[in-house]
Amino acid sequence: MARSPVSAFEAAVRLLAGRDKSRAQLTQALEQKGHSTLEIAQALERCELHGYLDDRRLAADLARRLFAEDRSVAFVRGRLEARGLDPAAVEAVAHDEAGAARRLLKKKKLSGAKAARFLLGRGFEEGL
């Protein structure tokens, strides 16, 4: 793959300017641009040093946003994993799954078997 004329750090900063990315996402994007493993490692270290790249912060922000949308813990973990983030970050964000399920059912005006099927489809645990 042809090497990009832009340094790995400059490319990383440009990619992060659009939206936050995980370390894994940024690594993949820089690899696709033709940067070497060493250049990528140095660029990521520099981004972390400047506070541009922080997987823990990104995971917590994403988890908070998804929980605000009344998503289940399983759903949030899946989204974090898909972005290359540690799903254990969910534990760092306080979440009332039962309360989220109640709000969601009230909003959708569901009860009984339909409510149970709906919640299961959204990733909530069966016992809930």
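**Around Phe 67**

Setting aside its neighbours within four places in sequence, Phe 67 is in contact with Ser 72, Val 73, Val 76, Val 90, Val 93 and His 95. Keep in mind that this is a predicted model.

**The nonpolar cores**

- Phe 67 also turns up in the largest nonpolar core, which has 14 residues.
- Along with Phe 67, the residues with the most contacts inside that core are Val 76, Leu 80, Leu 85 and Val 90.
- Two helices, helix 4 (55-68) and helix 5 (73-82), each bring at least two residues to this core.
- Helix 4 gives the largest share, with seven residues.
- There's a second, separate core too: it has 13 residues, among them Ala 8, Ala 11, Leu 44 and Cys 47.
- As a general background point, nonpolar side chains in soluble globular proteins tend to be buried together.

**Where helix 1 meets helix 2**

- Helix 1 covers residues 8-18 and helix 2 covers residues 23-32; their axes come within 10 Å and cross at roughly 125 degrees.
- Because of that angle, helix 1 counts as oblique to helix 2.
- Which hand does the crossing of helix 1 and helix 2 have? It's right-handed.
- On the helix 1 side, the residues that meet helix 2 are Ala 8, Ala 11, Ala 12, Leu 15 and Leu 16.
- Their partners in helix 2 are Leu 26, Ala 29 and Leu 30.
- Sorted by type, the residues of this contact come out as eight nonpolar, no polar and no charged.

- Some background first: most residues other than glycine have a negative phi.
- Asp 70 is not a glycine, yet its phi is positive, near 60 degrees.
- You'll find Asp 70 in the loop between helix 4 and helix 5.
- Is Asp 70 buried or exposed? It's buried, with a relative accessible area of 8%.
- Lys 109 has a positive phi as well, about 55 degrees, and it isn't a glycine either.
- Lys 109 sits in the loop between helix 6 (97-108) and helix 7 (112-121).
- Asp 70 is buried, whereas Lys 109 is exposed, with a relative accessible area of 75%.
- Lys 109 counts as exposed because its 75% is above the cut-off of over 50%.

Definitions and conventions. Residues are numbered from 1 along each chain as its sequence is written. This is a predicted model: local features need pLDDT of at least 70, side-chain atom pairs count only at pLDDT 80 or more; totals for chains, interfaces and linings use all residues. Side-chain values use heavy atoms; hydrogens and water are left out. A nonpolar core is a set of buried Ala, Val, Leu, Ile, Met, Phe, Trp, Tyr and Cys residues joined through side-chain atoms within 4.5 Å. Buried means under 20% relative accessible area, exposed over 50%, partly exposed in between (1.4 Å probe, protein chains only). Helices (H or I, at least four residues) and strands (E, at least two) are DSSP runs, numbered from the N terminus. Contact means heavy atoms within 4.5 Å. Axes are lines fitted to C-alpha atoms, for helices over the stretch in contact, and angles run from 0 to 180 degrees between N-to-C directions. Angles under 35 degrees count as roughly parallel, over 145 as roughly antiparallel, 65 to 115 as roughly perpendicular and the rest as oblique. A crossing is left-handed if the near helix is turned anticlockwise from the far one by less than a right angle, and right-handed if clockwise. Ala, Val, Leu, Ile, Met, Phe, Trp, Tyr, Cys and Pro count as nonpolar, Asp, Glu, Lys and Arg as charged, and the others, Gly among them, as polar.
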